[in-house]
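Please keep the structure open while reading.

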Amino acid sequence: MQPISEPDIRASFVNCSKGEARRLAVPRELAEMPWADLDFLGWRDPGAAERAYLVAERDGGGLTGVALRATPKGTRSFTARSMCSLCLTTRTAGAVALMTARRTGESGRRGNTVGQYLCADLACSFYVRGLRAPAAGADLDESLSPAEKIARTRANLDAFLAKVMA
Ligand SMILES: [Zn+2]
């Protein structure tokens with residue numbers, strides 16, 4: 001993705017209040033981000049474990065930021081595996097978290113959310129490029145090239161954003 005600035009990020013949020021978008025914790029080291037290797041910018045709030053954020057360039061829709069709530073770790077056993085719905089990396093429980101996004105508009109005001117399993121560190125871009133190896137677990141389909149995995153991740157991301165904004 002193209003490099004983006006803190007004001008770009010704050011202005012991009014579609015599913016939280018303007019006040020929340022103004023106050024939320026934006027990564028400090030934006031100048032050092034490996035933008036060329038990112039399909040989206042995703043991060044956890046270092047001061048609030050359940051808060052996560054994702055900003056992506058939507059197909060023809062401009063920059064779109066989504067505020068997420070991570071569900072606290074459940075009581076599932078360690079050996080249970082979950083799959084990230086974006087990069088389709090299968091990982092042990094804890095490394096993949098159920099995250100919910102409030103829908104935009106009237107639907108969101110009525111309390112409707114969209115839930116997806118996502119890599120808890122939101123580093124899908126690095127996993128599909130082989131730049132970071134999952135601590136445990138394996139890819140679903142080793143036969144795909146990185147370019148194919150990137151295309152699939154972006155398609156999954158677009159589908160997720162479309163559901164949030166539906
Ligand atoms: Zn992922």
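F13 is buried in this predicted model. Its relative accessibility is 10%, and the cut-off for buried is under 20%. Y53 is buried as well, at 2% relative accessibility. W43 has a relative accessible area of 7%, so this residue also counts as buried.

**Aromatic cluster**

How many aromatic pairs does a search of the whole structure find? The search returns 2. In one of them, the ring centres of F13 and Y53 lie 5.7 Å apart. Their planes stand at 85°, so the pair is edge-to-face; the cut-off for that class is over 60 degrees. F13 sits in the loop between α1 (6–12) and α2 (18–23). Y53 belongs to strand β2 (residues 51–58). The pair therefore ties together parts that are 40 residues apart in sequence.

The rings of W43 and Y53 also pair, with centres 5.4 Å apart. Here the planes make an angle of 35°, so the pair is tilted. W43 comes from strand β1 (residues 41–44) and Y53 from strand β2, so this contact links parts that are 10 residues apart in sequence. F13, W43 and Y53 form one aromatic cluster.

The two pairs are listed below.

| Pair | Centre distance | Plane angle | Class |
|---|---|---|---|
| F13 and Y53 | 5.7 Å | 85° | edge-to-face |
| W43 and Y53 | 5.4 Å | 35° | tilted |

**Zinc site**

Which atoms coordinate the zinc ion? The donors are C84 (SG), C87 (SG), C119 (SG) and C124 (SG). Their distances to the zinc ion are 2.2 to 2.3 Å. Why is the arrangement tetrahedral? The 4 donor atoms subtend angles of 101 to 117° around the zinc ion. Four donors count as tetrahedral if all angles lie between 85 and 135 degrees, so the site is tetrahedral.

Along the chain, the donors of the zinc ion follow the spacing C-x2-C-x31-C-x4-C. C87 lies in the loop between β4 (81–83) and β5 (89–92). C124 lies in helix α4 (residues 124–128). The pair of C87 and C124 therefore ties together parts that are 37 residues apart in sequence.

Are these two cysteines buried or exposed? C87 counts as buried, at 3% relative accessibility. C124 is buried too, with a relative accessible area of 0%.

Technical notes: Residues numbered from 1 in each chain as written. Predicted model: local features only at pLDDT ≥ 70, side-chain atom pairs only at ≥ 80, totals over all residues. Heavy atoms only, no water. Donors = N, O, S within 2.8 Å, 3.2 Å for Na, K, Ca; no water. Tetrahedral: all angles 85-135°; square planar, octahedral: opposite > 155°, others 65-115°. Helix = DSSP H or I, 4+ residues; strand = E, 2+ residues; numbered from the N terminus. Buried < 20%, exposed > 50% of the residue type's maximum accessible area, 1.4 Å probe, protein only. Phe/Tyr/Trp six-rings, centres within 6.5 Å; stacked < 30°, edge-to-face > 60°.
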